[in-house]
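Before reading the questions that follow, please look over the sequence and the coordinates together.

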Amino acid sequence: YAKMLHEVLINRAVPLAELTGRTQTGYDAIQDVLSNTDFEGIQGRVRFAPGEADPKGFIIMQQLQAGNVLLDVASYNQPTMSFLGNGDLMFHFSGERFPAGPAGSSTVTGKLSSFKSCSGGKKLDFKTNDCEDCPVNTEFVEFSGACLCVAGFYADGSGGCTKCPAGNISSSAGSLSCPACEVGKYSLLGSTSCSFCPLGRYTGSIATPECMACPDLIVYTTEAIASESVAACVCNAGTYEWDSSTMPVTCKKCPTNSNTASIMSKATSACKCETGFYMSADYTKCVMCPSKSTTTGSGQVIVSSSLSPCQCETGTYMSDDLTECITCPSGSSTTGPGKTSVAACLCDKGEYMPIGAIGCIPCPLGMACPKGSNEANAKFLTAASRNEEQTFLNLAPRYWASADAPMSVFECRSESKCPGGLPGQACAKHLQKQACEHCKEGTHWNGAQCVECASVESTVFLFPVLPCLILPANLLIMYRFFGDSFEKWGSLQNSITVVGFIILNHYQVIGILSSTNIPFPANISDAYNVVKFANDFSSLFKVDCPGMADFKTSMVLKGLTPVIVVACGAILWGASRIVAKAVKNENRMLATDRLLNVLGSLLFTFFSSIAALSLVLFKCSGNPNGEKTLAVDLSVICFNSDDWKSMVGVGVVFVLVYILGLGGLFVRAVLIAPKSFADPGFQMRYKFLFIKFRAEVFWWALVFLAKNFCINLSMCLAVAGVAQLYLVMTVAIVYMMATVVFMPYRSRVVNIIEVFTGISIIYACSLLTWHADRMGGDLDAPISYTTAVLTFWPLGMGAVGIVYLFLRGNRLPHPPGAHQAMQVAFKDLHAACDAIVHLTPEAGIDMLLRLAEWDRFFLAKAATVITHEVLGGDSKVRLVDKTLSRELSSVINASKSKPNEDAQTIATVVWI
């Protein structure tokens, strides 16, 4: 067994606790060593077979008995055991004695009592086989089978247990002494283990009952536990090393509201202020952050007099002197804490911060305000990148502003030209100048975008050469077909021509409507662009490409168009005379009056376009910035720009020549027409003024011209689009009412078409107001007053009508003057009827054919009245009271034989 224990504990280093604790590990180690036991003993070889407890070889088994007597009990010679019969086997309790024999026997039979198993720290009294308590300060140790002194006590040699003195310990039961604690450790009286000196304490000797404290435990500490000398005392957290030459080093406390991140700090810079404070530049104090601010954490230090380490809370920013957090202006806030200027106060989407304002205000007209829009950020417009605090207002679609004056917003012609964006960057591709009005050189506007000009389009052939080639041919064609004499004025051909004339004029008016200052939707703008040529034939020739689209050139070219037309006519007139002279045929000469009619027809037909051109300088549109720009060219500012001023003289000449001069020529012709119309030359020369209208309303050409002039003038008198529409609507209503009253055209169908075109214009004006901007309510008052006047207008008209009826109405009984008036009227009727009665049928038919359709219509109506009311004819479409015809029947029969008598009677009965 000694050999086994040496092998297990020493050679294999199995802990003693594994054996005393009777663990499986200890048991397995013992079994393994015993199973490998194989040596030559005194009496022979000793060994064990694997997994067997019996040794192999020859051994003598003995029993130690009372009195230290060894009794040889039996011999064992593998595998046989033989009892020797030398005495009795004796066991613990009385009566437990059995013969160890007889000699030679291999077994002995006997019954033994079992030892009790004690628990609860009690020990077994082997003499009495009873469990009993251990003495005070002892505990039963199963391994030893005895009560031993508990840990913290030691056996004092007198059979008792004594506490270990302070500075000494016993760590387990059964200690015979108390070892001393090492340097850097201490223990109290009766301790079971030594404790390390805590931080801030030290001990330099063994068996120390307590550790020595550093000079000031608030100021000092130790770097680690178990310190062994005062030299281990270092500066504690919240202090820093002030003097390193002392023992221990001299430490100084950090300023109030500061601390160090660790011990052993070497300088005051290691002192970090708490959150909400920052260290002064000289590291002598922690300064509290202003109200509504704090630091992002501890340890903040002011590094600049203009930069505070304190961060103002969201919705505020730091003042310039770093002493307070200022609340953001009304309607604005910051995106987070720590903002240092008012620029960080961002307005909500749809609002912006004006320069010098004390709060956010709604986004101005023509602009879109993303979150954070600030007028002061205009300086960042050209920056390659911008943060949220550098946001400037965007331009809304259809609006433009330059980078130099980003708040001066102009309205564009369409969203296609100005899709929106930052000032100076809001034009669509290839567009340039104010309001993105013009395409860049080499491109032209196709209604949706600027596209490259074709090579032929960039030459002067397409414009102005081609129009100059077309114009003479057109004049000659018109000369060929516009030569009808008076008797053919009411022909089908001329009636159809008048219909075309009315339709063309209708779309001229539509073209004027398209120039009103209203942001039409794209579909309406596209539709109106289709008929743009009705007022501007140059739009067919892409004048942008040859470089003639700038305002000055365009105005001069268009303004000279009537002059060019007249000049072309004069050249043709002169050329015809040269040709006639050369071929000696006077029929080759163009008749002067007929050619003048052709030229007058063109000028009369396009008088609306000519008037629009003459007034173009005075047709301006409003803009959000208060400036007015030319409706025809939004890149020109009305009244103030050099371009506008340089063309005023040209515009005045156009007004004098075309509106006053040409218009005056037309007025004169109409005024002298009653006296001069019998002249065939006058008829041919001014046919364009009279051919369309009935003889009774020969002056209607002036009304027609006045309508077109007033519609153009409406564009000048008002800037707001809705006001322009209402003025045009007023002109259209007045003109249509006059048309209904006078029915001026020779053909009834043409009158009806004219009325329908008037209705179309009125409806169009009314519906287009849907798209009009209310201009911030600026027009509310005038529109309200106009509405009130129009609402009660019928009352005034009714009063005027009553007065008229009272003065001129058909009173019963008839007043004395009525008889005399009817005499005159009947005399005229009688003379007319007498002339008709004496016409032959052929002459009468020829007369009717020469009359205009509308005149024949009224003549037929007069015949219907006489037939039914005077002669008593029956009618399915007219109510006839035959009282009058019965009263006149005797007179009529008598007049057939005496036609010149009783005229007075007929006059009295019929007309009164």
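A nonpolar core is a set of buried Ala, Val, Leu, Ile, Met, Phe, Trp, Tyr and Cys residues joined through side-chain atoms within 4.5 Å. The model discussed here is a predicted one.

Q: How many residues are in the largest nonpolar core, and which have the most contacts inside it?
A: In soluble globular proteins, nonpolar side chains tend to be buried together. In this predicted model, the largest nonpolar core has 41 residues. Those with the most contacts inside that core are Phe-604, Leu-630, Phe-666, Leu-689, Phe-690 and Tyr-745.

Q: Which helix gives the most to this core?
A: The elements that give two or more residues to the core include helix H5 (492–514), helix H9 (592–605), helix H12 (648–676) and helix H15 (700–717). With seven residues, the one that gives the most is H12.

Q: Which residues does Phe-604 touch, not counting those up to four places away in sequence?
A: Phe-604 is one of the residues with the most contacts inside the largest core. Once residues up to four places away in sequence are left out, the residues that Phe-604 touches are Phe-501, Phe-666, Phe-688, Leu-689, Lys-692, Ala-701, Phe-704 and Leu-705.

Q: Is Ser-614 buried or exposed?
A: Ser-614 is found in helix H10, where it touches Gly-651, Phe-654, Val-655, Tyr-658 and Ile-659, not counting residues up to four places away in sequence. Its relative accessible area is 1%, and the cut-off for burial is under 20%. Ser-614 therefore counts as buried.

Q: What distance separates the end C-alpha atoms of helix H4 (residues 461–481)?
A: Because a helix is expected to span 1.5 Å times one less than its number of residues, the 21 residues of H4 should span 30 Å.

Q: Which helices do the buried residues of H4 pack against?
A: The buried residues of H4 are Leu-462, Phe-463, Pro-467, Leu-471, Pro-472, Leu-475, Met-478 and Tyr-479. The helices that these buried residues pack against are H7, helix H8 (561–583) and H9.

Q: Are H8 and H9 roughly parallel or roughly antiparallel?
A: The axes of H8 and H9 lie 10 Å apart, and the two helices pack at an angle of about 165 degrees. Their contact brings Pro-562, Val-565, Val-566, Gly-569, Trp-573 and Arg-577 in H8 together with Thr-592, Leu-595, Leu-599, Leu-602 and Leu-603 in H9, and their crossing is right-handed. Because angles over 145 degrees count as roughly antiparallel, H8 is, relative to H9, roughly antiparallel.

Q: Are H5 and H15 roughly parallel or roughly antiparallel?
A: Phe-501, Asn-505, Val-509 and Ile-512 in H5 meet Phe-704, Lys-707, Asn-708, Ile-711, Asn-712 and Met-715 in H15, and H5 passes H15 in a left-handed crossing. The two axes come within 10 Å and cross at roughly 15 degrees. Because angles under 35 degrees count as roughly parallel, H5 and H15 are roughly parallel.

Q: How far apart in space are Gln-78 and Phe-58, C-alpha to C-alpha?
A: Gln-78 sits in the loop between strand E5 (69–77) and strand E6 (80–83), and at a relative accessible area of 31% it is partly exposed. Gln-78 and Phe-58 are 20 residues apart in sequence, yet their C-alpha to C-alpha distance is 6.4 Å.

Q: Which residue does a cis peptide bond join to Pro-102?
A: Most residues other than glycine have a negative phi, and most peptide bonds are trans. Pro-102 is found in the loop between strand E8 (97–99) and strand E9 (123–125). With omega about 0 degrees, the cis bond joins Pro-102 to Gly-101.

Q: What is the phi of Ala-13?
A: Ala-13 lies in the loop between helix H1 (2–11) and helix H2 (16–20), and at 57% relative accessibility it counts as exposed. Although Ala-13 is not a glycine, its phi is positive, at about 55 degrees.

Definitions and conventions: Residues are numbered from 1 along each chain as its sequence is written. This is a predicted model: local features need pLDDT of at least 70, side-chain atom pairs count only at pLDDT 80 or more; totals for chains, interfaces and linings use all residues. Side-chain values use heavy atoms; hydrogens and water are left out. Buried means under 20% relative accessible area, exposed over 50%, partly exposed in between (1.4 Å probe, protein chains only). Helices (H or I, at least four residues) and strands (E, at least two) are DSSP runs, numbered from the N terminus. Contact means heavy atoms within 4.5 Å. Axes are lines fitted to C-alpha atoms, for helices over the stretch in contact, and angles run from 0 to 180 degrees between N-to-C directions. Angles under 35 degrees count as roughly parallel, over 145 as roughly antiparallel, 65 to 115 as roughly perpendicular and the rest as oblique. A crossing is left-handed if the near helix is turned anticlockwise from the far one by less than a right angle, and right-handed if clockwise.
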